Amino acid sequence: MENVSNVVKLESIKSLQSTIHKLENALSKMTQTGANTSLVKKRLRAIYIGLAVLEHVWNQAPNHYPQEDLADARYVITGLFPSIKNSYTKSKDGSPQRTLLERRIKSLELAVQAIDDLFTK
């Protein structure tokens, strides 16, 4: 894993926690309306795993996810990049939305890198 500053670590953890919160809210609303929730559930689980892996690498928190779950999470997270990057290119320089997306991209890239590092150990 690349050398990451404490500021980037903190921003990444907060970004993933924010993403989890948004996905949980979306899941709750979709459940109430009877919408199909399988995609949101997959994404939510992947972000949970990404956050857990970063906390494992940076804070020595336990990692209780098997390799198969890590591989699934990596696949789902990498599948998010095109839409996030598309939103990023449409956002205005200096806008809060752009900052949020920059942090989200960085945190997800670090989560993928941490998962990859676990596979090589």
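Reader: Which residues in H3 are buried?
Author: Asp-69, Leu-70, Ala-73, Val-76, Ile-77, Leu-80, Phe-81 and Ile-84. Just so you know, this is a predicted model, where local features need pLDDT of at least 70, side-chain atom pairs count only at pLDDT 80 or more, and totals for chains, interfaces and linings use all residues. Residues are numbered from 1 along each chain as its sequence is written, and side-chain values use heavy atoms, without hydrogens and water.

Reader: OK, what makes Asp-69 count as buried?
Author: Buried means under 20% relative accessible area, exposed over 50%, and partly exposed in between (1.4 Å probe, protein chains only). Asp-69 comes in at 18%, so it counts as buried. Leaving out residues up to four places away in sequence, Asp-69 touches Arg-45 and Ile-49; touching, or contact, means heavy atoms within 4.5 Å.

Reader: And Gln-60, how do you know whether it is buried or exposed?
Author: Gln-60 has a relative accessible area of 62%, so it is exposed. You'll find Gln-60 in the loop between H2 and H3, and it has a positive phi of about 55 degrees although it isn't a glycine.

Reader: Why is Gln-97 called partly exposed?
Author: Its relative accessible area is 43%, which puts Gln-97 in the partly exposed class. Gln-97 sits in helix H4.

Reader: What makes H3 a helix, and how many residues does H3 have?
Author: Helices are DSSP runs of H or I with at least four residues (strands are runs of E with at least two), numbered from the N terminus. H3 runs over residues 67-90 and has 24 residues. From first C-alpha to last, H3 reaches 36 Å, close to the 34 Å expected; that expected span is 1.5 Å times one less than the number of residues.

Reader: Where in H3 is there a kink?
Author: At Phe-81, shortly before the proline Pro-82, with a kink of about 30 degrees. The bend is the angle between axes fitted to the seven residues ending there and the seven starting there.

Reader: How do you know how H2 and H3 are arranged, at what angle do they pack?
Author: They pack at about 110 degrees, with axes 8 Å apart. Angles under 35 degrees count as roughly parallel, over 145 as roughly antiparallel, 65 to 115 as roughly perpendicular and the rest as oblique. So H2 and H3 are roughly perpendicular to each other.

Reader: What covers the buried residues of H3?
Author: The cover includes helix H2 (38-59) and helix H4 (96-120).

Notes:
Axes are lines fitted to C-alpha atoms, for helices over the stretch in contact, and angles run from 0 to 180 degrees between N-to-C directions.
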